[in-house]
Amino acid sequence: MARSLSQILDLPAAPTAEPMALLIGLDKSDLPGATAPLVSARLETLPYILLHAALATAPWVDCVVSPLVSRHFDAVDLARELEAVGYRGHYFVMAPPLPRPDIIRRELCQTAPRLKIDLLPRVWH
């Protein structure tokens, strides 16, 4: 039996009191333990290909979190997509320790100037 998009995404039909974060290409276990903006957020994990559907279903999403690089996309790809759909929330990029993270952040901000972009440390298992 085919599942509807709302069943696949499991997103609320209206904004909720708790903030909501979309984890794209990440698992909840990939997040640092006490990441302040995400501690109280409802975390929804989904693949990159469902980004547009998720934002169309829940345009009030507070933040989007992704890895710097994954098998199917990188942070520049996702920043472009977020900018294209008019997303204006916060975009957090999980990154390994980098010698010059400011260069990565600057490039992402140039790609998507209307987004609030921050890098978060990546947790290695």
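1. A residue is called buried here if its relative accessible area is under 20%, exposed if that area is over 50%, and partly exposed in between, with a 1.4 Å probe and protein chains only. On that basis, buried residues make up 40% of the 125 residues in the chain. The model is a predicted one, in which local features need pLDDT of at least 70 and side-chain atom pairs count only at pLDDT 80 or more, while totals for chains, interfaces and linings use all residues. Residues are numbered from 1 along each chain as its sequence is written, and side-chain values use heavy atoms, with hydrogens and water left out.

2. The secondary structure comes to 4 helices and 5 strands, these being DSSP runs numbered from the N terminus (helices H or I, at least four residues; strands E, at least two). Along the sequence, the elements follow the pattern α-β-β-α-β-α-β-α-β.

3. The 5 strands form an open sheet with parallel pairing, in the order S2-S1-S3-S4-S5; two strands are taken to pair if DSSP finds at least two bridges between them. Strand S2 (42-46) and strand S5 (116-121) stand at the edges with a single partner strand each, so one side of each is left without a neighbour in the sheet. From one strand to the next, the twist averages 25°, where axes are lines fitted to C-alpha atoms, for helices over the stretch in contact, and angles run from 0 to 180 degrees between N-to-C directions.

4. Strand S1 (residues 20-24) runs parallel to S2 and is joined to S2 by 5 bridges, and Leu-23 stands opposite Thr-45 in S2. Glu-44 also lies in strand S2, and Glu-44 counts as buried because its relative accessibility is 11%. The side chain of Glu-44 makes a polar contact with the side chain of Arg-42 (2.4 Å); such a contact is a pair of N or O atoms within 3.5 Å, and within protein one must be able to donate a hydrogen and the other to accept it, while residues adjacent in sequence count only if both atoms are side-chain atoms.

5. Helix H3 (residues 75-84) lies across S1, strand S3 (63-67) and strand S4 (90-95), and runs at about 175° to S4. Helix H4 (residues 101-111) lies across S4 and S5, at about 150° to S5.

6. The count of disulfides, meaning pairs of cysteine sulfur atoms within 2.5 Å, comes to 0. Cys-63 is buried, with a relative accessible area of 6%, whereas Cys-109 counts as partly exposed at 22% relative accessibility.

Methods:
Contact means heavy atoms within 4.5 Å.
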